[in-house]
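Let's take a walk through this model together. Keep the structure open while you read.

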Amino acid sequence: VNYQIGECYYFLDKDKEAIAPFKKALKIYEKDPEISEFPIIFCCQYLGDAYYGLEDYNEAIKYYTRALEICDKDTELFGFLIPDICKSLGFCYDILESYEEAIPYYERALEFYEEDIDNSNESFSACCYSLACCYSLSHDYIKAKYFFSEYLEKANKDHPFRDKAIELLN
């Protein structure tokens, strides 16, 4: 029940209110040896998203990292969740201006998105752009140029960062 309450708040964009029920659900799921790890991962993702929405990026990182650790134990079963978790971790570190920490998460997400490019063009583009910006801010302009080019090649013509990418590329 707590999980569903958390989801209701989350989908109403009430991140602060969603946290307590998700934490209660997570505590219950972790104590139950019969429970699959899926609900634990989803609780951690939702908690990460809620803290992200509240701009508490360190707390978001804590929950996203926990979800990723579980996914990494069985990539065959949970692998489809990894790219979005990695992208979220990248965004958090990016916002915190920890570009060196953001880069490996963006790169890992891109590896997954490249395998399924038809279904994740928007995610692929967002990762390319963010990765290019991180490389640029880390003064690795060769890699930045490469990922800005990748972004421009894959992004929709009306993508909001296209003009900025073209400007930064030139």
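The largest nonpolar core has 56 residues, and Phe22, Ile41 and Ile85 have the most contacts inside it. A core here is a set of buried Ala, Val, Leu, Ile, Met, Phe, Trp, Tyr and Cys residues joined through side-chain atoms within 4.5 Å. Helices are DSSP runs (H or I, at least four residues), numbered from the N terminus. In soluble globular proteins, nonpolar side chains tend to be buried together.

A word on the source: this is a predicted model, where local features need pLDDT of at least 70 and side-chain atom pairs count only at pLDDT 80 or more, while totals for chains, interfaces and linings use all residues. Residues are numbered from 1 along each chain as its sequence is written, and side-chain values use heavy atoms, with hydrogens and water left out.

Back to Ile85: setting aside neighbours within four places in sequence, Ile85 is in contact (heavy atoms within 4.5 Å) with Ile41, Gln45, Tyr64, Ala67, Leu68 and Cys71.

Now for the loops. Asp13 sits between helix 1 and helix 2 and has a positive phi of about 60°, though it is not a glycine. His139, in the loop between helix 8 and helix 9, also isn't a glycine, yet has a positive phi of about 70°. Asp13 counts as exposed because its relative accessibility is 67%, and His139 does so at 59%; exposed means over 50% relative accessible area, buried under 20%, partly exposed in between (1.4 Å probe, protein chains only).

Conventions: Helix = DSSP H or I, 4+ residues; strand = E, 2+ residues; numbered from the N terminus.
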